[in-house]
Amino acid sequence: MKSLKVVFLGTPDFAKASLDAIHQSHHQVVGVVTVPDKASGRGQKINASAVKKYADEHQIPTFQPEKLRDENFLKEIQALEADVFVVVAFRMMPKVLYSMPRLGTFNLHASLLPQYRGAAPINFAVINGEKESGVTTFFINDKIDEGEILLQEKTAITDDDNAGTLHDKLMVIGAELVVKTLDGLADETLVATPQKVEGELKNAYKIFKEDTLISWQKPLSEIHNFIRGLSPYPAALTTVLINGQPKIFKIFGGKYHVENHHHPVGTIIRDKKELKIYTKEGYYAPSEVQIEGKKRMDIISFLNGLRAEDTMTLEK
């Protein structure tokens, strides 16, 4: 089978898995493009992306341009004479870059396109209660996530999955699909097909803090899916009053119970082992939480940190 020369563009761990799969295959990674190193944390320590760290460990030439239209950067990438570019969890690319290789540039997207185009496909698949998701490789064009499809692979979303576990599933099958796509392009067996839009499209827009607020007025199943769809990051949150003081309260998981009751929506009842937040249909019982100013912990540890006389209510 023919070996292709590949330039890889990506940033986080999700992308690193695909880079590793290509590097371990018979294809050749001739260059990696990722974001510039940046300072983060309290000490403003300079940190490199997961992709940059991997490339350094394996002596792969790495490029970290501030601007993708930089002339010197484009000349350096052109000089690599890559057959194809592979993009995984990167940023918008100018045509002058993605049109450079002879076989084009394809992207790995963490959904079954055309559904869930956008920045947060994994989160929204879980939030919307989908029973399956998947990954898609497609050629990049001048529109976001609308290029011709090369290959797709499906996977089930179980009731126990959250955004984190689905991320890990898709990361693995996505890396395999990237190599399969490269193989198909190398032996010229792949035929790209236009995306077919049937029915209403579900979008996966970028999630901001205001999008993570839990609405306790919604049905319990929707609340549950919302919480697991934002777990572990960015995390669903609500505001509670501890002894009258407002605190951000993040919830990472739990169970819900449908039952008839007389409590107003938002009522919190707790004992030493369980915390119940009541809705119209019943109550939600968090299993992992994080109160503002503290680390993430299981619910029993959180409850043990409260005194018997402490009050806890939802902010209205």
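This is a predicted model: local features need pLDDT of at least 70, side-chain atom pairs count only at pLDDT 80 or more; totals for chains, interfaces and linings use all residues.

Visitor: Is serine 111 buried or exposed?
Guide: Serine 111 has a relative accessible area of 1%. The cut-off for buried is under 20%, so serine 111 counts as buried.

Visitor: And what does serine 111 touch, not counting residues up to four places away in sequence?
Guide: With those set aside, serine 111 is in contact with Tyr116, Pro121, Ser133, Gly134, Val135 and Thr136.

Visitor: Which residues does UniProt list for "binding site"?
Guide: The unreviewed UniProt entry gives Ser111, Leu112, Leu113 and Pro114 under that heading.

Visitor: Take proline 114, then. Where is it found, and what does proline 114 touch?
Guide: Proline 114 lies in the loop between β7 and α5. Leaving out residues up to four places away in sequence, proline 114 touches Gln195, Lys196, Val197 and Leu201. Its relative accessibility is 10%, so proline 114 is buried.

Visitor: New topic: how many residues has the largest nonpolar core?
Guide: That core has 40 residues, and Phe8, Ile22, Val86, Phe106 and Leu182 have the most contacts inside it. Helix α6 (residues 163–186) supplies the largest share, with 12 residues.

Visitor: What is leucine 182 in contact with, leaving aside its neighbours within four places in sequence?
Guide: Leucine 182 contacts Leu4, Val6, Ile22, His27, Val84, Val86 and Phe106. There is also a second, separate core of 31 residues, and Ala120, Ile207, Leu220 and Leu275 are among its members.

Visitor: Now the helices. At what angle do the axes of α1 and α2 cross?
Guide: The axes of α1 (residues 13–24) and α2 (residues 50–57) cross at roughly 25° and come within 8 Å. Angles under 35 degrees count as roughly parallel, so α1 and α2 are roughly parallel to each other.

Visitor: Which residues meet there?
Guide: From α1, Asp13, Ala15, Lys16, Leu19, Asp20, His23 and Gln24 meet Ala50, Val51 and Tyr54 of α2. The residues of this contact are five nonpolar, two polar and three charged.

Visitor: Last one, zooming out: what does the secondary structure of the chain come to?
Guide: The chain has eight helices and 16 strands. Of its 316 residues, 48% are buried. Its C-alpha atoms fill a box of roughly 70 × 50 × 30 Å along the principal axes. Among contacts between residues at least 6 apart in sequence, 65% join residues at least 24 apart.

Key:
Residues are numbered from 1 along each chain as its sequence is written. Side-chain values use heavy atoms; hydrogens and water are left out. A nonpolar core is a set of buried Ala, Val, Leu, Ile, Met, Phe, Trp, Tyr and Cys residues joined through side-chain atoms within 4.5 Å. Buried means under 20% relative accessible area, exposed over 50%, partly exposed in between (1.4 Å probe, protein chains only). Helices (H or I, at least four residues) and strands (E, at least two) are DSSP runs, numbered from the N terminus. Contact means heavy atoms within 4.5 Å. UniProt positions are given in the numbering used here, feature names are shortened, and annotations may be inferred rather than shown by experiment. Axes are lines fitted to C-alpha atoms, for helices over the stretch in contact, and angles run from 0 to 180 degrees between N-to-C directions. Angles under 35 degrees count as roughly parallel, over 145 as roughly antiparallel, 65 to 115 as roughly perpendicular and the rest as oblique. Ala, Val, Leu, Ile, Met, Phe, Trp, Tyr, Cys and Pro count as nonpolar, Asp, Glu, Lys and Arg as charged, and the others, Gly among them, as polar.
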